[in-house]
Amino acid sequence: MDESTQTEGKQGTPTTAGYCSWHQRIAENVQRIKLSEAGSGGKVHYACPPCIGNWKLTPYEDQ
C-alpha cells in the first residue's frame, strides 16, 4: 500500500509559505513588505508574522 506522509490540501489552494527576508528561513504566512525605493534596491522582500511584529514592518497590502 502506498501511503503519503504529507497532508494534501485542496487542489488549487494557494500556499503562503515562503522565504522570510528578515530571519532568512522558510516560514508560513509570509507577506510582501513595502520598502522605500532607496533601501530596497528594487528587490521584493517578504516577512513572516513574527518578523512583521518584531521589526514593525508594513505589509504591501496594508498601504
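Colleague: Let's begin with His-45: what is its relative accessibility, and is it buried or exposed?

Modeller: A quick note before that: this is a predicted model, where local features need pLDDT of at least 70, side-chain atom pairs count only at pLDDT 80 or more, and totals for chains, interfaces and linings use all residues. Residues are numbered from 1 along each chain as its sequence is written, and side-chain values use heavy atoms, with hydrogens and water left out. Now for the rule: buried means under 20% relative accessible area, exposed means over 50%, and partly exposed is in between, using a 1.4 Å probe and protein chains only. His-45 comes in at 19%, so it is buried.

Colleague: Which strand is His-45 in?

Modeller: Strands here are DSSP runs of E with at least two residues, helices are runs of H or I with at least four, and both are numbered from the N terminus. Residues 45–47 form one such run, and His-45 belongs to it: strand 4.

Colleague: Which side chain makes a polar contact with the side chain of His-45?

Modeller: A polar contact is a pair of N or O atoms within 3.5 Å; within protein, one must be able to donate a hydrogen and the other to accept it, and residues adjacent in sequence count only if both atoms are side-chain atoms. For His-45 there is such a pair at 3.4 Å, and the partner is Ser-21.

Colleague: Where does Val-30 lie, and is it buried or exposed?

Modeller: Val-30 sits in the loop between strand 2 (25–27) and strand 3 (31–33). Its relative accessibility is 13%, so Val-30 is buried.

Colleague: What separates the C-alpha atoms of Val-30 and His-45?

Modeller: Along the chain, these two are 15 residues apart.

Colleague: Which residues make up the largest nonpolar core?

Modeller: A nonpolar core is a set of buried Ala, Val, Leu, Ile, Met, Phe, Trp, Tyr and Cys residues joined through side-chain atoms within 4.5 Å. In soluble globular proteins, nonpolar side chains tend to be buried together. Here the largest core has nine residues: Cys-20, Ala-27, Val-30, Ile-33, Ala-47, Cys-48, Cys-51, Ile-52 and Leu-57.

Colleague: Which residues does His-23 contact, leaving aside neighbours within four places in sequence?

Modeller: His-23 is in the loop between strand 1 (18–20) and strand 2, and at 32% relative accessibility it counts as partly exposed. Contact means heavy atoms within 4.5 Å. With those neighbours left aside, His-23 is in contact with Cys-48 and Cys-51.

Colleague: What is the phi of Gln-24, and is that residue buried or exposed?

Modeller: Gln-24 is not a glycine, yet its phi is positive, about 55°. At 53% relative accessibility, Gln-24 counts as exposed.

Colleague: Which ring does the charged end of Arg-32 sit over?

Modeller: A charge sits over a ring if NZ of Lys or CZ of Arg is within 6 Å of the ring centre and within 35 degrees of the ring normal. The charged end of Arg-32 is 4.2 Å from the centre of its ring, which belongs to Tyr-60.
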